[in-house]
Amino acid sequence: MHLRRFPALTAAALAAALALTGCGDTKESKGSALDKITVTGGSDTTAPTVTVNPKPLSVAETTTKVVKAGSGAPVKGDEIVSLKYVLLNGKDSSVLDSNFGKQNLGLNLGASDLLPGLKKGLLNQKIGSRVLVAMPPKDAFGTQGNAEIKVAGTDTVVFLMDVLAATKPLASAEGKEVKPAAGLPTVTVEPGKAATITIPKGKKPPTKTVGQLLVEGSGAKVAAGQTIRVTYTGALWKDGSVFDSSANSPDKYFETVIGKQQVIKAWDAQLVGRTVGSRVLMVVPPADGYGAAGSPPKIKGTDTLVFVVDILAAY
């Protein structure tokens, strides 16, 4: 069962592009070619100018240089790191991408498929730091390169990254329990398992989407365009049967861009503005779910859906 209506875009797309494999060691730059890279100008909304000199820049191992040391806590390997970045090709100093003036990029350092060079460059860096990271192909896009962003299989890539924040995703909802309105399905949640959703007997489903907090988290509010990490279970109102659950996925969680039509309408409407740590019960008629076409073979076009969603992180 796929909650997405079409593939994720923007920051999530870049995060996907940065998910590859490789190996190697990290070096802190001491008298290396990174010392000749200049970083000038820039603001919160405008990217700094990064100039590679001399060109082409090529490194055999992932190499880092702290341009400005932050005063925050060191980044850990199980955290999601929020970044502003400029990505360049070391061959000619050309800018391949930047998110200055756009949404922050969140990278899950615990992901097994993240570019090795990013893990090495960010691990143990302090929050508030500005860091240069040069990555050889083996720690970046491999010998196949990445034609979409114009990186050849022999190119060293350079990231300038501002480390803004880091957070460890929750394992389950945390916060103040909220008494639900009468007549709604009841929910029992065990970590790592699909939630048990009990439909009230003999009651017709609502004709409009209902969103009910079961736990009110104390984290930041979810904003449209962010990527959220959730656990969820979906069941059919008509018989209570579970049609999908993140507990059945390899990672035991689900991530998606929210508020940008990447998922069904009810999720966008009900999860944007909620706080991290919250557990949300949603009762969703077809119009706000999969429409008259349904999602065969389990969901018919007339089925009302029930979801329970724990918001574990937003970035």
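The paragraphs below take these topics in turn.

This is a predicted model: local features need pLDDT of at least 70, side-chain atom pairs count only at pLDDT 80 or more, and totals for chains, interfaces and linings use all residues. Residues are numbered from 1 along each chain as its sequence is written, and side-chain values use heavy atoms, leaving out hydrogens and water.

The chain averages a pLDDT (the predictor's confidence in each residue, from 0 to 100) of 90. Residues 1-13 stay under 50.

The largest nonpolar core has 26 residues. Such a core is a set of buried Ala, Val, Leu, Ile, Met, Phe, Trp, Tyr and Cys residues joined through side-chain atoms within 4.5 Å; buried means under 20% relative accessible area, with a 1.4 Å probe and protein chains only. Leu118, Met161 and Val163 have the most contacts inside this core. Another core, of 25 residues, lies apart from it and includes Phe254 and Trp267.

Phe254 and Trp267 also belong to one aromatic cluster, with Tyr232, Phe243 and Phe307. Rings of Phe, Tyr and Trp (its six-membered ring) pair if their centres lie within 6.5 Å; planes under 30 degrees apart count as stacked, over 60 as edge-to-face and the rest as tilted. Tyr232 and Phe254 pair edge-to-face, 5.7 Å centre to centre, with 75 degrees between the planes. Tyr232 is buried at 8%, and Phe254 at 13%. Trp267 and Phe307 are also edge-to-face, at 5.6 Å and 85 degrees. Trp267 has a relative accessible area of 0%, and Phe307 is likewise at 0%.

How values were computed: Buried < 20%, exposed > 50% of the residue type's maximum accessible area, 1.4 Å probe, protein only. Contact = heavy atoms within 4.5 Å.
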